[in-house]
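Keep the viewer open as you read.

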Amino acid sequence: MSTPKTLYDKIWNDHLVSENEDGTSIIYIDRHLVHEVTSPQAFEGLKIANRSVRKPNFTLATADHNIPTTNRDEGISDPESKLQVDTLEENCKEHGITFLSMSDKRQGIVHIIGPEQGFTQPGMTIVCGDSHTSTHGAFGALAWGIGTSEVEHVLATQTLVQTKAKNMQINIQGELPLGVTAKDIVLKIIQTIGTAGGTGYVIEYTGDAIKSLTMEGRMTVCNMSIEAGARAGLISPDEKTIEYLKGRPFSPAENEYQSASDYWLSLATDEGAAYDKTVNIDASDIIPQVTWGTSPEDVVSIDGLVPNPEDESDETKKKSMIRALEYMGLVPNTPLKEVKVDKVFIGSCTNGRIEDLRAASKIAKNRKVADHVNAIIVPGSGLVKQQAEEEGLDKIFIESGFEWREPGCSMCLAMNADKLKPQERCASTSNRNFEGRQGRGGRTHLMSPAMAAAAAINGKLSDCREI
Amino acid sequence: MEKFKKIESNAIPLPMVNVDTDMIIPKQFLKTIKRTGLGKNLFYELRYDEKDAPIDSFVLNQDKYKDSQILITGKNFGCGSSREHAPWSILDYGIKCIIASSFADIFYNNCFKNGILPIKLDESEVTKLQKAAENSLSFTIDLENQKISYFDKNINHEVSFELDKAKKTSLLEGLDDIGLTLAKVNHISDFENKQKSTTPWLYSQQIK
């Protein structure tokens, strides 16, 4: 019998084109997602070297980072943003790549539309010039973010030169308490292993609490693998995965679905396969989490206090805590639940899917957004928006006082007009609380959609279970 | 890509941990369709105030570090986004070598694609080099022999560093990665033919 293998080992082996003399490997890339911000220089590079795109039909493009979430019919007013989006459209036309434009209802954040269209499938290698490509790992696809030079490499060769990473298992045992979500799991993981904890590894998430998550929840967990330092996060495919992909536009046709499904299930990590490192977390210990600082590892439970740097023995850590607290305008030992917010952002590739909007709408229903709070909902794609409207979620949000926007990355990275002003505090369902991430001087607290909705209603950080 | 040559320069000390890509180059500068011109906005929010005036206390605004080609910084440098604008802005500013105890994976990889040498050293070693950088000593970075050297009070200090062989060669020779892979295009075609028979649905996928 052959040695038991992990899911990562199997996908790696199935995509090995050749091994170079220097120890690196050429890995075949099955699917490539392209967006406007990290691709123009790659297409320019192709042109200069007189190279073509090897597999246009393995490539899917859309504009998401840089587009407005209001008044879409007026186009893009910022000339630089417009040039970038127009450049992508022209490049796609020239090379025969499918481009979902701003007016296409399938347009949205790359990591939302890939799975939604069935473009993402188990066992694939998927890359994109965006670090949150790890999202697609929820399907048991090996997916990671790359820089623009590698975008060009994939366009030209449909491969990448890689060195194999190590295997890490993060096992979430037990049952999640009521009101605790995938976002709370992943924030807890980052708090536990730190933002560099996964560096050099591909993480596989296992355990009952992971298996019990919906595909949407699994995507939220895998999405933030990069915040734990890992380029990719994976979950072994199962019946839920197969069910989710049935009948989607790019999914295998009916006559091929059975053999595809059999292959997908065969990829799950073998019993007894060895990981280089294993971390165990008990799901029943997790309560809703929020970040207090400027690194995604600065996580506390909602019933906790703002930490005190005086309790930190490591000098470098102490210094960075002091800097973070000053930036965040927080006083040590303040109960988190007393921290007032000015803005609320619900959306992003982490939490912009239909399940996220449903969770937020349950909190919002028959309640009002606090007077001093400006709250916006940005669906992850046109199809998420349409589905939410069919379910009447838009009406619930609008009646509560939330703004209902057009799909895109929006205030997750604040490249468009949606941003925080200096010192504004935001309850956000996005993935990064870095200094200046949501606007210069803006203060970000990361949390789940239900928690962000609760903060909008109460006007301060709140426990969604108490509403 | 230009070949990586020996560097002789003083070094910019930036003793901060988890310096993220938003700090290196904020999003408002990602709207460009070019690789060049980003250097003036490197570390923008640390370097300029709200009125775009240089913040004197920030190390890049100090005259003595004006022409430095080396940056010495803290662990997990370059965490966050995959934006290659981060190494582009560093290179455009004139920095060709970054020394830290650890780097985020994507950023580390992106450096080599742009002729920048990221050097990983033990934290205690990095701290020593930080001190020397604060005293504005001159460093020599010799990639060929994998050595950093500097003179302090007439004593020559040498620090060796480890580097993956493939990455070293790529920097020293300024290789065109795509050209090298395309030289093996037969392997790629063979792989595709094999994959077409083992997982045919990957090749029949089309938008409906």
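**Cavities, a sheet and its neighbours**

By class, 6 nonpolar, 6 polar and 3 charged residues make up the lining of the second largest cavity. Here Ala, Val, Leu, Ile, Met, Phe, Trp, Tyr, Cys and Pro count as nonpolar, Asp, Glu, Lys and Arg as charged, and the others, Gly among them, as polar. This is a predicted model, in which local features need pLDDT of at least 70 and side-chain atom pairs count only at pLDDT 80 or more, while totals for chains, interfaces and linings use all residues. Residues are numbered from 1 along each chain as its sequence is written, chains are lettered from A and ligands numbered from 1 in the order in which they are written, and side-chain values use heavy atoms, leaving out hydrogens and water.

Of the 15 residues that line this second largest cavity, Thr195(A), Ile226(A), Gly229(A), Cys79(B) and Gly80(B) lie nearest its centre. Its volume is about 120 Å³. A cavity is a set of points, on a 1 Å grid over the protein atoms alone, where a 1.4 Å probe fits but cannot get out, and lining residues have an atom within 4 Å of a point. Grid points are joined across faces, edges and corners, and a volume is the space filled by probe spheres set on the points. The count comes to 2 cavities of 30 Å³ or more.

The largest cavity holds about 220 Å³ of space. Its lining has 23 residues, with His65(A), Asp130(A), His132(A), Leu413(A) and Arg437(A) nearest the centre. They divide into 8 nonpolar, 11 polar and 4 charged. Helices α4 (110-116) and α12 (348-351) of chain A each supply at least two residues of this lining; helices (H or I, at least four residues) and strands (E, at least two) are DSSP runs, numbered from the N terminus.

Now turn to the sheet. In chain A, 4 strands form an open sheet in the order β11-β10-β9-β12, with parallel pairing; two strands pair if DSSP finds at least two bridges between them. At the edges, β11 (232-234) and β12 (277-282) of chain A each pair on one side only. From one strand to the next, the twist averages 20 degrees. Helix α1 (residues 7-14) of chain A packs on the sheet, touching β9 (166-173), β10 and β11 of chain A, and its direction makes about 115 degrees with that of β11(A). Such angles run from 0 to 180 degrees between N-to-C directions, with axes fitted as lines to C-alpha atoms, for helices over the stretch in contact.

Strand β10(A) is joined to β9(A) by 6 bridges and to β11(A) by 3 bridges. Lys166(A) stands opposite Tyr201(A), and Glu204(A) is opposite Leu234(A). Why is β10(A) largely enclosed by the rest of the structure? Because 6 of its 6 residues are buried, that is, under 20% relative accessible area (1.4 Å probe, protein chains only). On one side these are Tyr201(A), Ile203(A) and Tyr205(A), and on the other Val202(A), Glu204(A) and Thr206(A).

Finally, find Ala143(A) in strand β7 (residues 142-145) of chain A. Ala143(A) is buried, with a relative accessible area of 0%. Leaving aside neighbours within four places in sequence, its contacts (heavy atoms within 4.5 Å) include Ile126(A), Arg231(A) and Ala232(A).

Technical notes:
1 Å grid on protein atoms, 1.4 Å probe; cavity = no way out; pocket = protein on both sides within 12 Å on 5 of 7 lines; lining within 4 Å. Buried < 20%, exposed > 50% of the residue type's maximum accessible area, 1.4 Å probe, protein only.
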